[in-house]
Amino acid sequence: MTMSSTKTATVTLPADDQIQIVREFDAPKHLVWKAWTTPELVKRWWSSDMGETTLAEIDLRVGGRWRYVMVAGDMEVGFHGEYSEIVENERLVSTEVYEGMPEAYSVNTATFEETDGRTTLTILVQHSSKEHRDGHIASGMEGGMNRAMDYLERVAISLA
C-alpha cells in the first residue's frame with residue numbers, strides 16, 4: 001500500500017507496524033553517508049527550515065548512541081537512539097526514540113545503495129504496534145522528512 005509519493009520520496013506501509021521511505025539523492029553514497037553520520041553536517045540538514053538543530057551527537061559504533069535536538073519557536077524537540085548494526089556506507093540500524101513519547105520508539109534500518117553516482121536511501125521504520133506507526137504518520141513526519149531530505153541532498157552535494 002502506498003501512503004504517498006512525492007517528487008523526492010516515496011513512503012509506503014509494507015506491514016501494519018512498518019513505514020518504508022525511499023529517496024534518491026544526486027550524490028554518491030559515501031557523501032550521503034557522511035552527511036547522515038557526521039554531527040556538524042547533521043546540524044545543517046536535520047531540522048531543515050522548521051527550526052534550528054541545537055544538538056547533534058553521534059557515537060558511531062555498535063552500542064553507541066545518537067541524539068538530535070531542534071528548537072522551533074518556543075518548542076524543543078529531541079530524538080535519540082542506539083546503534084545496533086553499522087556497515088560503513090552501506091547499512092545503519094538504530095533505535096529512534098521521540099523524547100516526547102518514548103514508549104513509541106522504532107527500530108530504523110537505513111540502507112545506502114549507489115547506481116551511476118546516485119544514491120538510493122531506503123529506511124525501514126519498524127514500530128512495536130500499528131498504533132505507534134499510525135501516530136508517527138499522523139505527526140506530520142512526511143512533510144518534515146521530505147524537507148530535511150532536500151537539505152540532506154544539498155549538504156551531500158556540497159561535500160563533492
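Ser-48 is buried, with a relative accessible area of 11%; buried means under 20% relative accessible area, exposed over 50%, and partly exposed in between, with a 1.4 Å probe and protein chains only. The model is predicted: local features need pLDDT of at least 70, side-chain atom pairs count only at pLDDT 80 or more, and totals for chains, interfaces and linings use all residues. Residues are numbered from 1 along each chain as its sequence is written, and side-chain values use heavy atoms, with hydrogens and water left out.

Ser-48 is found in the loop between α2 (39-45) and β4. Helices (H or I, at least four residues) and strands (E, at least two) are DSSP runs, numbered from the N terminus. Although Ser-48 is not a glycine, its phi is positive, at about 45°. Trp-46 has its place in the loop between α2 and β4 and is buried, with a relative accessible area of 17%. Leaving out residues up to four places away in sequence, Trp-46 touches Thr-53, Tyr-68, Val-69, Met-70, Val-77, Phe-79 and Ala-148, where contact means heavy atoms within 4.5 Å.

Strand β4 (residues 52-58) runs antiparallel to strand β5 (residues 65-72), and six bridges join them; two strands pair if DSSP finds at least two bridges between them. Opposite Leu-55 stands Val-69 in β5. The hairpin of β4 and β5 has six residues between the strands, and Gly-63 there takes a positive phi near 90°.

Met-70 has Val-77 in β6 as its bridge partner. Two residues lie between β5 and β6 in their hairpin, and Gly-73 in the turn has a positive phi of about 65°. Asn-89, in the loop between β6 and β7 (91-98), has a positive phi of about 65° although it is not a glycine.

## The nonpolar core

The largest nonpolar core has 38 residues, and those with the most contacts inside it are Ile-19, Ile-21, Trp-36, Trp-45, Leu-121 and Ile-123. Such a core is a set of buried Ala, Val, Leu, Ile, Met, Phe, Trp, Tyr and Cys residues joined through side-chain atoms within 4.5 Å. Helix α4 (residues 141-158) gives the most to this core, with seven residues.

## Helix α3

In helix α3 (residues 130-138), the buried residues are His-132, Arg-133 and Ile-137. They lie on the same side of α3, because they cover an arc of only 140° around the axis; the arc is that of the directions from the helix axis to the C-beta atoms. Exposed Glu-131 and Ala-138 are carried by the face turned away from the buried side. Just after α3, Gly-140 takes a positive phi of about 90°.

## Aromatic cluster and charges over rings

Trp-46, Trp-66, Tyr-68, Phe-79 and Tyr-98 form one aromatic cluster. Rings of Phe, Tyr and Trp (its six-membered ring) pair if their centres lie within 6.5 Å; planes under 30 degrees apart count as stacked, over 60 as edge-to-face and the rest as tilted. Phe-79 counts as buried at 18% relative accessibility, whereas Tyr-98 is partly exposed, with a relative accessible area of 36%.

The charged end of Arg-23 sits over the ring of Phe-25, 4.6 Å from its centre. This requires NZ of Lys or CZ of Arg within 6 Å of the ring centre and within 35 degrees of the ring normal.
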